[in-house]
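Please look at the sequence and the structure shown here before reading on.

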Amino acid sequence: MEDDGPVWAFVFSLIAGLLMILDGLFESLAGSLADELGAGFAGGILSALGFFGILFGLVVVILAVAVFRRPENHTMFGITILVLSLFSVVGGGGFLVGIVLGIIGGALAILFEESEDIAHDPVRGHDVPTPVLANGTPGPRASSPRVCPNCHTALPPGAARCPDCETPVPRTT
Ligand SMILES: [Zn+2]
């Protein structure tokens with residue numbers, strides 16, 4: 001898995017959006033053609049629906065990029081991608097494949113864990129062993145385990161800087 005962003009949410013949503021645009025274009029062209037052949041009103045409706053398909057596809061493409069560049073807003077972007085993917089059915093839904101990919105992409109964006117790297121970090125997520133003095137009373141760190149004020153990484157004793165984000169930390173002991 002990549003740690004630097006919601007890559008799969010981006011890929012799925014991007015392809016979904018592009019398929020929606022393509023399908024919308026086809027539908028618009030088909031509508032125009034039908035209009036030319038005398039379908040008139042029906043052709044106009046088809047063109048309009050195709051136009052909406054293109055529009056939804058464009059927004060999904062923009063949102064796909066937005067999820068990748070602003071992962072902190074992944075939930076909002078993901079929900080919007082999901083909803084727009086469902087709406088894109090009016091423009092053909094990217095040959096229906098676009099709907100499926102858009103739903104997957106949107107769901108991946110919603111489920112994206114911003115702090116995924118924490119699980120892979122050997123320092124974070126584990127309790128720092130508490131030093132116990134010879135007489136059985138807990139050591140100084142037991143009462144106040146020192147963590148980075150910025151990223152909450154456990155700090156080694158006597159550290160002046162956070163080993164993870166380099167934030168200077170005040171010495172309290
Ligand atoms: Zn830190």
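The buried residues of α2 pack against α1, α3 (74-87) and α4 (97-111). Those buried in α2 include Leu-46, Gly-50, Ile-54, Phe-56, Val-60, Leu-63 and Phe-68. A residue is buried if 20 or more other C-beta atoms lie within 10 Å of its own, exposed if 12 or fewer, and partly exposed in between, with C-beta atoms placed from the backbone. Two residues are in contact if their C-beta atoms, likewise placed from the backbone, lie within 7 Å.

This is a predicted model, in which local features need pLDDT of at least 70 and side-chain atom pairs count only at pLDDT 80 or more, while totals for chains, interfaces and linings use all residues. Residues are numbered from 1 along each chain as its sequence is written.

## Overall composition

The chain has six helices and zero strands. Helices (H or I, at least four residues) and strands (E, at least two) are DSSP runs, numbered from the N terminus. Of the 173 residues in the chain, 32% count as buried. Among contacts between residues at least 6 apart in sequence, 60% join residues at least 24 apart.

## Packing of α1 and α2

Helix α1 (residues 7-36) and helix α2 (residues 41-69) have axes that come within 7 Å and cross at roughly 165 degrees. That angle makes α1 roughly antiparallel to α2. Axes are lines fitted to C-alpha atoms, for helices over the stretch in contact, and angles run from 0 to 180 degrees between N-to-C directions. Angles under 35 degrees count as roughly parallel, over 145 as roughly antiparallel, 65 to 115 as roughly perpendicular and the rest as oblique.

By class, the contact of α1 with α2 has 23 nonpolar, twelve polar and three charged residues. Ala, Val, Leu, Ile, Met, Phe, Trp, Tyr, Cys and Pro count as nonpolar, Asp, Glu, Lys and Arg as charged, and the others, Gly among them, as polar. After α1 comes Gly-38, whose phi is positive, near 105 degrees.

## Packing of α1 and α4

The axes of α1 and α4 come within 7 Å and cross at roughly 150 degrees. This makes α1 roughly antiparallel to α4. Residues of α1 that include Trp-8, Phe-12, Leu-19 and Asp-23 meet residues of α4, among them Val-97, Leu-101, Ile-104 and Leu-108. By class, this contact of α1 with α4 has twelve nonpolar, five polar and one charged residues.
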